[in-house]
Amino acid sequence: MRILHLSDTHLDRSGSPDADGADGTAALRCLLAELGHLRDLDAVVVTGDVADDGSREAYARAQGLLSGYASQRGADVFYTTGNHDDRTAFADVLGSGHVQPGAVYEGAAGERAGSSTIDGWRLITLDTLVPGKGYGRLDCGQLDWLRELLVSPAPSGTVLAFHHPPVALDVDVQRALGLQNAADLAETIRGTDVQLILSGHFHLQILGHLEQATVWVTPGVVSRIDLTARPGTERAVHGPSASLVQLGTPHGPLIHTLHVRDPRMGETVHEADEEEMREVIERLGSSAMNPN
């Protein structure tokens with residue numbers, strides 16, 4: 001099982017650079033062109049922030065670019081929502097995020113999760129979006145739906161994919177804007193056949209564990225966070241990135257990061273100082289972490 005894992009494409013209606021010079025459409029096109037040599041893929045998984053502005057035009061462009069790339073390799077594309085996505089526009093263009101799901105969850109607030117089986121592997125996408133906020137959360141309905149699916153193991157195992165990581169480095173903004181109820185997810189998957197969790201959101205790669213599952217956070221397509229910046233600040237740099245995931249090997253999961261050649265690779269997209277980052281956490285973080 002070989003998965004090309006992308007996240008944070010941040011396409012917009014215009015398909016042109018933003019005020020900082022970040023261009024999700026150009027970055028995605030560059031990435032797919034550079035990865036033209038990848039042929040043996042079973043799935044392409046995009047873990048959220050497909051659109052930067054939640055526009056239907058952005059989702060349609062993502063679908064056109066990624067479906068063309070994947071179909072040439074006999075693979076399907078699977079999408080999840082992120083904090084920049086709009087559930088209504090996402091669903092109008094991408095449906096559940098699965099081409100032919102075996103099971104779909106539809107929540108009262110428009111949450112959509114889906115499950116598909118690929119060569120014995122079960123791929124489940126979850127919706128961690130909290131509208132208007134930067135952090136993520138899984139509602140009780142999704143967790144109950146997931147728990148019921150996991151009662152029956154898949155022939156090869158299960159992979160979960162969603163936007164907000166359930167793990168974080170010792171970085172304030174990651175702790176504030178990650179998955180806020182990771183303990184609930186841990187309880188749900190404990191002792192099941194979930195072997196791997198794929199997520200994005202942080203725009204840099206992190207490897208961790210949640211219960212028995214390996215957690216992989218892939219860097220962003222539109223930009224990458226540079227942790228050599230001073231603690232408490234944030235620096236985003238150009239350079240589209242993705243991950244190739246191999247499952248079912250003797251030492252799997254095997255994961256490596258693909259950093260695409262870009263003329264501006266490493267150049268700064270934007271920088272935020274300590275005060276700006278505190279404002280981001282206050283505005284987009286959980287009220288439980290910001291009681292005032």
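Biologist: Is D49 buried or exposed in this model?

Modeller: This is a predicted model, in which local features need pLDDT of at least 70, side-chain atom pairs count only at pLDDT 80 or more, and totals for chains, interfaces and linings use all residues. Residues are numbered from 1 along each chain as its sequence is written, and side-chain values use heavy atoms, with hydrogens and water left out. Buried means under 20% relative accessible area, exposed over 50%, and partly exposed in between, with a 1.4 Å probe and protein chains only. Because its relative accessibility is 2%, D49 counts as buried.

Biologist: Where does D49 lie, and what is its phi?

Modeller: D49 lies in the loop between β2 (43-47) and α2 (56-71), where helices (H or I, at least four residues) and strands (E, at least two) are DSSP runs numbered from the N terminus. Most residues other than glycine have a negative phi. D49 is not a glycine, yet its phi is positive, at about 50°.

Biologist: Which loop holds D8, and what is its relative accessibility?

Modeller: D8 is found in the loop between β1 (2-6) and α1 (24-34). D8 is a residue other than glycine with a positive phi, near 55°. D8 counts as buried because its relative accessibility is 0%.

Biologist: Which residues does a cis peptide bond join?

Modeller: Most peptide bonds are trans. One place to look is the loop between β13 (241-246) and β14 (254-259), where P253 lies. There, with omega at about 0°, the cis bond joins G252 and P253.

Biologist: What separation do the C-alpha atoms of R224 and R190 have?

Modeller: R224 is placed in strand β11 (residues 224-225). Leaving out residues up to four places away in sequence, R224 has contacts (heavy atoms within 4.5 Å) that include H203, R235 and H259. R224 and R190 are 34 residues apart along the chain, and their C-alpha atoms are separated by 32 Å.
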